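Here are a few notes from my pass through this one. Have the model open alongside while you read.

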Amino acid sequence: MILTLTPNPSIDRTVALDGELARGQVHRVASVTSQAGGKGVNISRAAVTADIPSIAVVPAAKDDAFVLELLGAGIDCRPVRPAGDVRVNLTITEPDGTTTKLNSPGAAVLPLHLELMAQAVLVRASSADWTVLAGSLPAGAPPEFYAELVRRLREVGGRVAVDTSEAPLQALVDALPASAPDLMKPNGEELASFTDGDADELESDPRATAVAARQLIDRGVGAVLATLGGNGAVLVTPDGAWHATPPPTTVVSTVGAGDSSLFGYLLGDIRGLPAPERLALAVAYGSAAAGLPGTTIPQPSQLRTELVGVTALTPSTGGTA
């Protein structure tokens, strides 16, 4: 079972244009979709699609349409008292796959709301294969929320994955090793933000990515899955490092691709696959998601894992083994 926490969920509205976005101009809209979302929610969707049970903890009213949609999708949604209405995020996609996102902040929370979320996760974590803390934090939450929750989760048992960015990510890194999760999933830009690396170099050079990610392993993190967009992903563990390249993909929307990659890794772990195969499954999921509109989660039948290339990187030089 995969337990997810999405502290700042959203109604994800995707507007697909039939041409290039031009600021200040009138556009024809090809389609509009709307879906209950957020990083943790997306991972729970992927789990249910792959016949893996999942519990999604979200701040929302029990009778909110957001919760009802998740229940209807087969997700065991556990709503906790919200600070306000679920926010709306707008995504604009262009025919070439270019994605523009406009994310609203959501209602400001009080310490009570944060503790209700934490308790909802803590009481279920020991029965989960993985607990995933994912996405941004709502207004009013201290950046240290994830770092403190990881520390508390380590006390109750179970493995923890974290996928976040900006101040919450920096706070988590600053709290290492006391709050080291079992898995972190930064992208190249996020990895560069706290390793003094160059984001463009990390996005394009898996060797540099592996070196940067190794800093987290040395500080107690169990594994680092660094997603690099069209350049695939790098996995670093205490036992080695690997780079995976995706199959040829016509990018439709990158929204949710990173979430799908993270789920692919977790699925491979639950299946007992070795590290290179976990990485291959992660990249297969991410590339499949990028080829689908909006935040569509790929079906297992849509994966092309056999077309993912995996190369071992040596710890010392980052070259092929």
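This is a predicted model: local features need pLDDT of at least 70, side-chain atom pairs count only at pLDDT 80 or more; totals for chains, interfaces and linings use all residues.

1. Four strands make an open sheet in the order β3-β2-β6-β7, and the pairing is mixed. β3 (29-37) and β7 (99-103) sit at the edges, each pairing on one side only. Ignoring direction, neighbouring strands here are turned by 15 degrees against each other on average. As a reminder, strands of a sheet pair through backbone hydrogen bonds, in either the parallel or the antiparallel sense.

2. Next, have a look at helix α9, residues 257-270. Its 14 residues reach 20 Å from first C-alpha to last, close to the 20 Å expected at 1.5 Å a residue. Why call α9 largely enclosed by the rest of the structure? Because 12 of its 14 residues are buried, and buried means under 20% relative accessible area. Among the buried ones are A257, L262, F263, Y265, L266 and L267, and also D259 and D269. Just after α9, G272 takes a positive phi of about 80 degrees.

3. Last, the surface. L112 belongs to helix α3, residues 111-125. Because its relative accessibility is 42%, L112 counts as partly exposed.

Notes:
Residues are numbered from 1 along each chain as its sequence is written. Side-chain values use heavy atoms; hydrogens and water are left out. Helices (H or I, at least four residues) and strands (E, at least two) are DSSP runs, numbered from the N terminus. Buried means under 20% relative accessible area, exposed over 50%, partly exposed in between (1.4 Å probe, protein chains only). The expected span of a helix is 1.5 Å times one less than its number of residues. Two strands pair if DSSP finds at least two bridges between them. Axes are lines fitted to C-alpha atoms, for helices over the stretch in contact, and angles run from 0 to 180 degrees between N-to-C directions.
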